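Here is a short briefing to read with the structure open beside you. Take the topics in any order you like.

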Amino acid sequence: MSKQFDVIVIGAGPGGYIAAIRAAQLGMSVACVDEWKNSAGGPAPGGTCTNVGCIPSKALLQSSEHFHHANHHFAEHGITASGVSMDVAKMVARKDTVVKQNNDGILYLLKKNKVSFFHGRGSFVKAGDGGYEIKVSGAAEETLQGKQIIVATGSNARGLPGAPFDEENILSNDGALRIGAVPKKLGLIGSGVIGLEMGSVWRRLGAEVTILEGLPTFLGAVDEQIAKEAKKAFDKQGLKIELGVSVGDVKVGKKGSVSVAYSNAKGEAQVLEVDKLIVSIGRVPNTTGLNADAVGLKLDERGAIVVDDLCRTNLPGVWAVGDVVRGPMLAHKAEEEGVAVAERMAGQHGHVNFNTIPWVIYTSPEIAWVGQTEQQLKVAGRAYKSGTFPFLANGRARALGDTTGMVKMLADAATDEILGVHIVGPMASELISECVVAMEFRASSEDIARICHAHPSLSEATKEAALAVDKRTLNF
Ligand code: FAD
Ligand code: NAI
C-alpha cells in the first residue's frame with residue numbers, strides 16, 4: 001500500500017523545500033523527496049544552493065575577503081598584522097560546517113512543518129485516478145501517491161564539449177568549492193556570475209587568475225556603466241579577463257595541469273596553461289532520473305520543463321519551479337515560485353513579479369541590480385531620466401574605506417516611476433532591497449528622495465541617486 005499525500009515535492013533545493021513548507025502551512029499533507037547525499041551518505045537537503053552554490057560560495061568569499069583585508073587594508077587602520085597566512089583546509093572545513101548547519105536547519109524546518117522527508121531519487125511511475133505514483137529509490141525505498149506534484153529538480157553545470165568535468169583538474173562549481181590548496185595558476189571559462197565569484201576567491205588567496213569569456217562585452221546583462229566600473233575594479237585586483245575568445249581543445253597533462261587552446265579577440269591562436277580549470281559557462285535544467293516520459297511531462301529543447309506563467313506543466317496537477325523551468329536561475333526566484341505554487345494549490349493567488357527579481361554578484365565591489373538597464377530602456381524607446389551617486393561622496397563608505405562604485409537610478413521621464421536601479425559598490429547586495437521594495441510599490445524617484453535615510457549609511461547613496469534623477473544631489 002503506497003503512502004498517500006496531497007502534494008509530493010521532488011527536490012529539496014530552495015524551490016522545493018520552501019514549496020513543501022508553504023503547502024504544509026496551508027493544511028496540505030506533504031512529502032518532499034531529495035536525493036542529495038552528504039559525505040557520510042546522509043541526507044543533505046538544500047539543493048545546489050546549500051551544498052554547492054549560494055551558501056558555500058559566500059562562505060569562501062567571506063574567508064578570502066578577511067584574508068585580503070588583513071593583508072591589504074588593516075595597515076591603513078593602524079593595525080599591524082604580520083605573518084598572515086591562509087589555512088585553505090580550515091577555510092574549506094568552515095565552509096563545510098556552514099553547509100551542514102543549513103542542511104540540518106532545513107531538515108528541522110521540514111519536521112517542524114510536518115513535511116514527510118524521503119531521502120532518495122523520486123521518479124514518476126504512472127498517472128492514476130487520484131494523481132500520480134512516485135517511486136523513491138535510494139536510502140528510502142517507497143512508493144508514494146500524490147494528488148499533486150511539484151517538480152523542483154534544479155540544474156547542473158554545463159560542460160565544455162570534449163572536456164568533461166573530472167572535479168580534480170576540470171572543475172564544475174562542485175569541484176571549484178573543494179579546491180584544497182591555492183593553485184598557482186587558475187583558469188576559468190566564462191566571466192559570468194560563477195567565474196567572477198570563484199575567480200575572486202582564489203585571486204584574493206594569491207592565485208594567478210585568467211578568465212576566458214566568449215562574448216566581446218563584459219557582463220552583457222548588467223547596465224553598461226556599472227559593468228565598466230566593475231571591470232575597472234577587477235582589473236586593478238589583477239583578475240585577468242580576456243573577452244571575445246573562442247575556446248578550442250582542453251587537455252589535461254600527466255601532472256594534472258590543464259592546457260586550453262583558444263583564439264583571442266584578434267583571432268590569434270593562444271594556449272592557456274593552468275593548474276586547475278573551472279568551467280562556468282552556465283547551467284542546464286536537471287530532469288535526469290525523473291522518468292518524465294512515463295507520464296508524458298513535456299520538456300523544451302533545452303531540457304527545461306515547459307510551464308506557463310503560473311508554473312503549470314502540460315499535466316494536470318503537476319507543477320514545476322526553480323532552475324528546472326524558464327527564467328533566471330536564482331535561489332530567491334525558485335523560492336518565490338515555490339510559495340506561489342503552494343498558494344495556487346490552496347486556491348489563493350500566488351504571484352511572482354519577474355520585473356522586480358534582484359540580481360547580486362558577490363564580488364568586491366558587489367554588483368546588484370533590479371529592473372531595467374539603460375540599454376534596455378533605449379532599445380524599448382522608453383523616455384527616462386538617470387541619476388548617479390558615487391560612493392566616493394558617501395561618508396559611511398569613506399569610514400569603511402571602501403569608496404568604489406556608485407548607485408544609478410533610472411526613472412520614467414514623464415511619471416518619475418523607478419524603472420531600474422543598478423549598484424556597484426560596498427554592500428550592494430543589501431542596498432538593493434530598498435530598491436526592490438520601492439519598485440514593488442511602484443515608487444517614484446521623488447519618493448526615495450523624500451524618505452529619511454539613516455546617517456551615516458551606505459543607503460544615503462541610494463537617496464542621493466534619487467535626488468540626482470532630479471539634478472539636485474546635496475552631497476556631490
Ligand atoms: P536546486 O537547488 O538545484 O535543487 C534541486 C534538488 O533536487 C537537489 O537537491 C537535487 O539533488 C534534487 N533532485 C534532482 N532530481 C531529483 C530526483 N529525481 N529525485 C530527488 N531529488 C532530486 N543563486 C542565488 O540566488 N544567489 C547566489 O548567491 C547563488 N550562488 C550560486 C553559486 C553557485 C556556485 C551556483 C552553482 C549557483 C548559485 N546560485 C545562486 C543559483 C542557485 O543555487 C539556484 O538558482 C538554486 O539552487 C535553484 O534552486 P532549485 O530548488 O530550483 O534547484
Ligand atoms: P552565467 O550565465 O552567469 O555566465 C556564463 C558565462 O560564460 C557567460 O558570460 C557566457 O557568455 C560565457 N560562455 C558561455 N559559453 C562559453 C564558451 N564556450 N566559452 C567562453 N565563454 C562562454 O553562468 P555561470 O557563471 O555558470 O552561473 C550559472 C548560473 O548560476 C548563473 O547564471 C546564475 O543564475 C547562477 N548563479 C548565481 C549567483 C548569484 O546570484 N550571485 C552566483 C553564481 C551562480
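**Salt bridges, strands and a pocket**

A search of the whole structure turns up 22 salt bridges. Please keep in mind that this is a predicted model. The points below begin with some of those charged pairs, then move on to the strands, a few single residues and a pocket.

**Charged pairs**

- Side chains of opposite charge can pair when their charged atoms come close.
- Asp96 and Lys95 give one example, their side chains meeting in a salt bridge with an N to O distance of 2.9 Å.
- Glu229 pairs with Lys232 in another salt bridge, where the closest N and O atoms are 3.5 Å apart.
- Because Glu229 and Lys232 are three residues apart in helix α7, about one helical turn separates them.
- Lys232 counts as exposed, at 54% relative accessibility.
- A further salt bridge links Glu417 and Arg442, with 3.0 Å between the closest N and O atoms.
- Glu417 lies in the loop between β21 (406–412) and β22 (418–425), and Arg442 in the loop between α11 and α12 (445–450), so this pair ties together parts that are 25 residues apart in sequence.
- Is Glu417 buried or exposed? Glu417 is buried, with a relative accessible area of 19%, which falls under the 20% cut-off.
- Asp223, Glu374 and Lys408 are joined into one network by salt bridges that share partners.

**Strands and sheets**

- Five strands make an open sheet in the order β8-β15-β9-β10-β11, with parallel pairing.
- Which strands stand at the edges of this sheet? They are β8 (170–171) and β11 (240–242); each has a single partner strand, so one side of each is left without a neighbour in the sheet.
- Within the sheet, β9 and strand β10 (residues 208–212) run parallel and are joined by five bridges.
- One of the residue pairs here is Gly187 with Thr210, its bridge partner in β10.
- Elsewhere, strand β4 (residues 121–128) and strand β5 (residues 131–137) run antiparallel, with seven bridges joining them.
- A hairpin connects β4 to β5 through two residues.
- Ser123 has Lys135 as its bridge partner in β5.

- Ile189 belongs to strand β9 (residues 185–189) and counts as buried, at 4% relative accessibility.
- Setting aside residues up to four places away in sequence, Ile189 touches Leu160, Leu212, Val247, Val260, Leu277, Ile278, Val279, Ser280 and Ile281.
- Leu277 is 88 residues from Ile189 along the chain, and their C-alpha atoms are separated by 7.6 Å.
- Lys231 lies in helix α7 and counts as buried, at 18% relative accessibility.
- What does Lys231 touch, not counting residues up to four places away in sequence? The residues are Phe218 and Ile241.
- Val84 is found in the loop between α3 and α4 (88–112), where Val84 counts as partly exposed at 29% relative accessibility.
- Apart from its neighbours within four places in sequence, Val84 is in contact with Phe67, Ala70 and Asn71.
- The C-alpha atoms of Val84 and Thr462 are 36 Å apart, and these two residues are separated by 378 residues along the chain.

**The second largest pocket**

- Rolling a probe the size of a water molecule over the atoms shows where empty space is left.
- About 1,300 Å³ of space lies in the second largest pocket.
- The lining of this pocket has 45 residues, and those closest to its centre are Glu65, His69, Ser364, Pro365 and Asp402.
- Which elements give two or more residues to the lining? They are α3 (54–72), α6 (193–204), α7 (224–237), β20 (384–390) and α11 (428–440).
- Helix α3 provides the largest share of the lining, ten residues.
- Sorted by class, the lining has 15 nonpolar, 19 polar and eleven charged residues.

Notes. Residues numbered from 1 in each chain as written. Chains lettered and ligands numbered in written order. Predicted model: local features only at pLDDT ≥ 70, side-chain atom pairs only at ≥ 80, totals over all residues. Heavy atoms only, no water. 1 Å grid on protein atoms, 1.4 Å probe; cavity = no way out; pocket = protein on both sides within 12 Å on 5 of 7 lines; lining within 4 Å. Points joined across faces, edges and corners; volume = space filled by probe spheres on them. Helix = DSSP H or I, 4+ residues; strand = E, 2+ residues; numbered from the N terminus. Nonpolar A, V, L, I, M, F, W, Y, C, P; charged D, E, K, R; others polar. Buried < 20%, exposed > 50% of the residue type's maximum accessible area, 1.4 Å probe, protein only. Contact = heavy atoms within 4.5 Å. Salt bridge = Lys/Arg side-chain N within 4 Å of Asp/Glu carboxyl O. Pairing = 2+ DSSP bridges.
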